[in-house]
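Reader: I am new to this structure and would like to go through it step by step. Could you show it first?

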There are 2 protein chains.
Amino acid sequence: MLTPGKNSVTPDWMPVPAEVRMHTDRFSLDSSFAVSIEGAATDRLSRACVRLMRRVSDRTGLFFQRESATGALPLSAPGMTVAAQREGRVSLGEDESYSLEISAQGIRLSAVTDIGCLRGMETLFQLLDADADPEGSGYGFPCLTVRDKPRFPWRGLLIDVSRHFMPADVILRNLDGMAAVKLNVLHWHLSDDQGFRVETRSFPKLHGLGSDGFYYSQEEIRGIIAYAADRGIRVVPEFDMPGHVTSWLAGYPELTHRPGPFRIERRWGVWSSAMDPTRKSTYRFLERFIAEMTGLFPDEYFHIGGDEVEGKPWMEDPDIRAYMKKHGLPDAAALQTHFTLRVQKILASHDRKMIGWDEILTPGLQSGAVIQSWRGRESLVEAVSRGMSAILSNGYYIDLVQPAAFHYSNDPLTPDMNLSEAEAANVLGGEATMWAELVTPETVDSRIWPRTAAIAERLWSPADIRDPEDMHRRLRSVSLMLEQAGLTHIRNRGVMMRRLAAGTDTGPLEILLSAVEPVKNYRRHSMRPFTTFSPLTCVADASVPDAEKARRFNTLVESLLSGAGGSSEAEPVRRQLILWRDNHEAMLPLIRRSPILAEIESLSEDLSRAAEIGLQALDFRASGRTPESVWTNEVRTRLESMAEPRAEVELVILDAIRKLASQQ
Amino acid sequence: MLTPGKNSVTPDWMPVPAEVRMHTDRFSLDSSFAVSIEGAATDRLSRACVRLMRRVSDRTGLFFQRESATGALPLSAPGMTVAAQREGRVSLGEDESYSLEISAQGIRLSAVTDIGCLRGMETLFQLLDADADPEGSGYGFPCLTVRDKPRFPWRGLLIDVSRHFMPADVILRNLDGMAAVKLNVLHWHLSDDQGFRVETRSFPKLHGLGSDGFYYSQEEIRGIIAYAADRGIRVVPEFDMPGHVTSWLAGYPELTHRPGPFRIERRWGVWSSAMDPTRKSTYRFLERFIAEMTGLFPDEYFHIGGDEVEGKPWMEDPDIRAYMKKHGLPDAAALQTHFTLRVQKILASHDRKMIGWDEILTPGLQSGAVIQSWRGRESLVEAVSRGMSAILSNGYYIDLVQPAAFHYSNDPLTPDMNLSEAEAANVLGGEATMWAELVTPETVDSRIWPRTAAIAERLWSPADIRDPEDMHRRLRSVSLMLEQAGLTHIRNRGVMMRRLAAGTDTGPLEILLSAVEPVKNYRRHSMRPFTTFSPLTCVADASVPDAEKARRFNTLVESLLSGAGGSSEAEPVRRQLILWRDNHEAMLPLIRRSPILAEIESLSEDLSRAAEIGLQALDFRASGRTPESVWTNEVRTRLESMAEPRAEVELVILDAIRKLASQQ
């Protein structure tokens with residue numbers, strides 16, 4: 001697919017376009033640059049052109065003579081023409097394809113829809129670079145031809161705003177990030193046990209008693225939906241039911257069969273509160289609620305959650321058991337299906353299609369629903385084999401702080417799934433899921449980005465674009481581009497380090513954190529009693545997955561041991577190890593001054609000791625001597641003991657040092 | 001006033017309280033810490049207690065067992081009691097005094113109003129520090145007694161949202177910053193030639209045609225006012241009239257006598273558009289407009305601007321001249337007074353007092369208005385001598401990027417003003433003014449903070465708290481505290497540097513910028529043709545006033561030359577000079593890679609050369625030789641030529657190097 005021309009370096013873009021031909025020349029930018037719109041001059045397209053010029057101006061410092069796109073290009077200067085055949089609908093399956101042609105004389109971006117043009121503008125912006133030509137502004141674009149379209153039509157990011165509320169500006173900046181990497185669905189997880197986040201006029205106690213005052217007004221929601229639509233992004237609301245509803249019960253305890261009163265849940269986990277699916281009043285409530293919410297959220301899909309319902313409390317209730325018997329419902333799963341089908345009917349009466357987590361895929365479920373597979377991809381295969389549609393989230397749980405490469409290798413549609421063409425077409429795509437138990441507005445971007453860009457590429461680009469090393473090379477640039485788009489994943493790390501360092505130099509802390517990552521999966525929860533009001537400002541929160549320096553160190557060690565690069569890696573490996581070895585001495589006064597760091601004192605010492613072992617191993621290697629087995633055995637034991645996480649972070653260079661010490 | 005006890009180091013607080021007695025003991029924090037409210041348990045106070053616990057938890061990493069303030073302290077643990085006698089009104093002159101008593105056994109904060117308690121909480125939070133005690137959490141507060149109240153009742157920050165629109169989150173985070181340093185008035189400059197920023201239902205073309213779509217909805221405005229009130233901060237709206245109204249005319253050209261059509265102004269400066277003060281329709285418009293706006297903005301004061309009206313266009317209009325003749329108005333100033341008095345009457349009918357810029361203080365102005373002195377303090381003296389009230393902004397123009405010490409030394413009320421007690425009481429305070437021609441949401445915090453904290457201290461603390469060196473020492477901590485409160489003045493600088501460095505190491509750029517500051521006053525405007533759509537992402541925008549390393553270098557050189565510190569300063573001075581001298585070599589490849597930096601190439605070279613001169617001077621000094629006058633003369637000429645600004649920044653260490661070279 002990627003067919004480089006004479007420009008041998010491929011651009012740092014992400015997602016990689018479907019078809020590319022690089023040419024040799026360049027388009028040079030100067031202050032006369034202008035954009036002209038042909039065809040469907042939609043408001044969305046005009047605004048996108050203004051934003052593009054703003055971004056190019058900000059990056060280059062060029063004082064453009066024009067402030068916005070014009071009807072026709074001035075004859076005097078080469079510029080850019082954007083041409084859409086028609087306005088795009090912000091709905092599933094809309095045409096997002098585009099062609100981009102950059103020549104020395106001008107840029108032409110054309111597409112069926114204005115949304116396709118928006119996708120192409122992001123590609124173009126990623127191509128902006130410095131020119132070797134000393135004449136002119138120094139900025140320009142490489143000449144090339146791109147024909148691009150997405151592999152999957154549903155490319156989403158879930159943001160949970162229930163566990164920790166995320167104010168509107170957090171959502172808006174993440175929409176800009178999504179647009180930059182061509183994601184097209186914001187899955188907004190708006191209610192859960194820990195908070196109900198939407199102003200609801202029909203049932204004002206939902207947000208009134210279920211949110212601690214932290215909710216979106218309907219005006220804010222309309223603004224966010226419009227902002228998303230302006231970027232060709234759908235907004236799919238999720239109201240999780242019949243479980244995960246404690247926050248609803250604070251205001252409306254009659255929704256459940258269990259005795260109240262209820263208050264907003266402050267702890268994490270799965271709670272046994274569930275709606276009573278046997279009462280008529282439950283459906284009357286939902287009918288009115290859904291009527292209001294479908295008036296607010298225009299997307300054709302409506303997410304009803306449906307996950308993690310504990311059947312036991314239902315089964316303990318004699319009235320519910322009697323109802324089940326009467327309706328021939330053998331177990332809790334059947335009762336939930338009964339509920340799901342009733343809700344699906346309500347949704348259908350409001351022209352909405354249902355989407356839910358894979359628990360709703362029970363034998364009784366009828367077609368027409370979209371299944372979101374989170375527990376495994378089996379449900380995805382089952383759903384499409386039963387004629388339903390499905391999206392994949394299993395493997396895209398970015399809250400679990402796994403490496404970008406792990407998510408990148410996770411493909412929603414692989415040959416070993418043995419799907420027919422029709423079944424494969426029902427695999428709509430996937431969604432990264434940002435669950436918010438352990439993030440705040442300060443840290444959330446650092447858990448979403450840049451890793452979600454790798455997932456975005458998996459969902460947009462051809463399946464054979466999958467080299468993790470090349471992905472990591474490009475991700476470094478993309479991460480900076482995302483920061484320029486307004487995201488805080490880099491800048492807020494500095495804020496957190498400065499807080500942790502209590503006004504002193506953050507250098508030693510940065511060196512320490514370059515060798516650690518937060519513990520993965522759900523492990524943090526077992527280490528401290530987190531609640532909704534726990535501080536998330538500690539070392540683990542300032543640490544990020546894919547610690548870049550550690551990753552590079554590990555790669556260098558691999559390469560050194562394989563002998564691939566001669567021994568050119570020995571020197572950078574040694575320099576890095578010396579930095580780590582000497583760091584503990586600098587950390588000690590910092591820890592004394594800032595007691596919040598006390599929890600990493602032994603970890604800091606271990607990093608120093610591990611680095612010392614690495615240096616000894618390098619010395620053995622340099623001298624050609626083989627260490628005695630007593631040494632290697634002792635070293636292995638010591639490294640093992642250092643692997644114990646502390647402060648919910650762990651050293652991620654121990655394996656490389658172990659290999660170095662055993663010279664293999 | 002400041003009476004340290006045995007704790008010899010005074011805290012890094014700002015503003016310094018009126019009366020302090022330091023004790024020797026400490027209050028130690030642990031996770032059982034709780035806050036209890038006595039007396040008037042207002043919602044504002046409860047929320048402030050929750051925020052305080054959140055901030056302490058974030059700083060210390062302590063997992064508090066309680067999430068919010070309780071009715072009574074648990075017997076088991078020492079904690080904090082907050083006691084207000086009554087709910088405070090968010091209006092001019094409300095009691096903001098408080099007493100704070102910290103002992104090893106507990107903390108007691110008491111005040112007449114809950115707003116006084118809020119002020120005391122900020123003092124308390126600034127006292128949080130690390131404990132030498134290895135037992136316990138390591139955090140606590142020094143024991144002391146504070147009795148505090150403000151010197152002036154009007155302590156404001158003006159934010160101009162017309163020249164560059166500032167979204168709601170910019171305003172909200174600045175309100176948090178204001179609260180942290182006890183400012184109590186947000187002066188919101190909502191309209192000007194370049195934009196009208198309020199949703200107006202009675203005249204929807206004001207925001208509809210006057211804002212490019214960038215305005216606050218009334219719901220947003222109500223939210224911001226409530227957020228401010230929750231922090232004891234008044235919001236004074238300014239709608240500038242009769243001049244500075246081009247954006248109004250885009251929708252309502254009939255407001256002026258001049259022929260339209262009009263469009264939003266894109267350039268900076270003073271424009272000759274003004275309302276026609278002779279038409280009845282103008283006042284009918286204003287009556288309806290003010291009726292709506294006073295319904296939206298509850299503060300008792302309403303700012304009508306009144307500045308920079310050019311009389312000439314009025315005088316050129318025969319109808320206006322006829323009107324003036326008929327009403328005995330001799331000149332444009334009298335005509336403006338005529339207008340002002342009519343508007344004041346409209347305001348009075350809506351229970352609002354008028355405030356305006358010092359141009360409204362003409363001989364015909366009657367009492368009851370507040371004068372905001374910006375052109376000089378003469379108008380302030382005149383206003384109070386005529387029985388009016390006044391606030392000072394002259395000397396607080398933070399958009400002009402002058403040093404914090406300059407603003408800090410600017411006192412609204414000095415003995416040489418020779419005011420009577422009654423007159424002095426009418427000097428209500430002052431306001432820092434953030435005019436927004438050259439700032440964006442990305443940079444605005446860096447122009448407001450931390451310097452505005454020094455102004456806040458001038459307006460709150462006793463007049464004799466005025467040592468600039470001590471202010472600078474404290475300002476370093478306060479700046480970090482303000483960042484933790486959500487401001488972006490530090491973090492966004494990193495963002496801008498990374499953009500400028502185009503993905504490479506920002507180190508050399510940081511070293512260069514450590515020796516430069518943006519050009520001051522209005523000089524930038526003469527250097528480039530700025531408009532509303534110019535990029536503000538260049539070197540000048542990433543530079544800040546009070547460049548910290550340069551300031552320290554200059555102080556060290558002063559001290560070295562005075563001989564005060566022996567010659568202990570020679571070594572750090574040399575180290576800094578070597579860093580600057582060697583930096584140009586590192587800058588060159590960066591400039592090649594990032595053409596936006598080309599404009600500082602010669603400046604970078606000059607820094608290197610200036611540092612080389614400084615090093616030669618140090619060598620002369622070390623060897624005891626006196627340089628020949630040929631050398632000193634040549635050096636003086638060369639340093640003078642380096643003083644030329646480039647890229648709208650200037651080297652701010654040249655004077656110190658000149659002194660070093662001439663050994664005086």
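Reader: What rotation superposes chain A on chain B?

Author: In this predicted model, a rotation of 180 degrees with 0.0 Å of shift along its axis does so, with an RMSD of 0.0 Å. The two copies are thus related as by a two-fold rotation axis. The superposition is by least squares on the C-alpha atoms of residues with pLDDT of at least 70 in both copies.

Reader: And which residue of chain A comes closest to the rotation axis?

Author: That is Arg491(A), whose C-alpha is at 2.7 Å.

Reader: Before we go on, what are the ground rules?

Author: Residues are numbered from 1 along each chain as its sequence is written, and chains are lettered from A in the order in which they are written. Local features need pLDDT of at least 70, side-chain atom pairs count only at pLDDT 80 or more, and totals for chains, interfaces and linings use all residues, while side-chain values use heavy atoms, without hydrogens and water.

Reader: How many residues are in contact between the chains?

Author: 45 residues of chain A are in contact with 45 residues of chain B, contact being heavy atoms within 4.5 Å. Of the interface residues of chain A, 100% are also interface residues in chain B, so the copies meet through the same surface.

Reader: What area is buried there?

Author: About 3,600 Å², of which carbon and sulfur atoms give 56%; this is the accessible area (1.4 Å probe) lost on putting the two parts together, summed over both. Phe63(A), Glu67(A) and Phe533(A) supply 19% of the area that chain A buries against chain B, more than any other three residues.

Reader: How many salt bridges cross the interface?

Author: The rule finds 2, requiring a side-chain nitrogen of Lys or Arg within 4 Å of a carboxyl oxygen of Asp or Glu. Glu483(A) forms a salt bridge with Arg498(B), the closest N and O atoms being 2.6 Å apart.

Reader: A change of topic: into which domains is chain A divided?

Author: Chain A has domain 1 (19–148), domain 2 (154–308 + 339–466) and domain 3 (491–662), with bounds from an automatic or database domain assignment. The C-alpha centres of domain 1 and domain 3 of chain A lie 44 Å apart.
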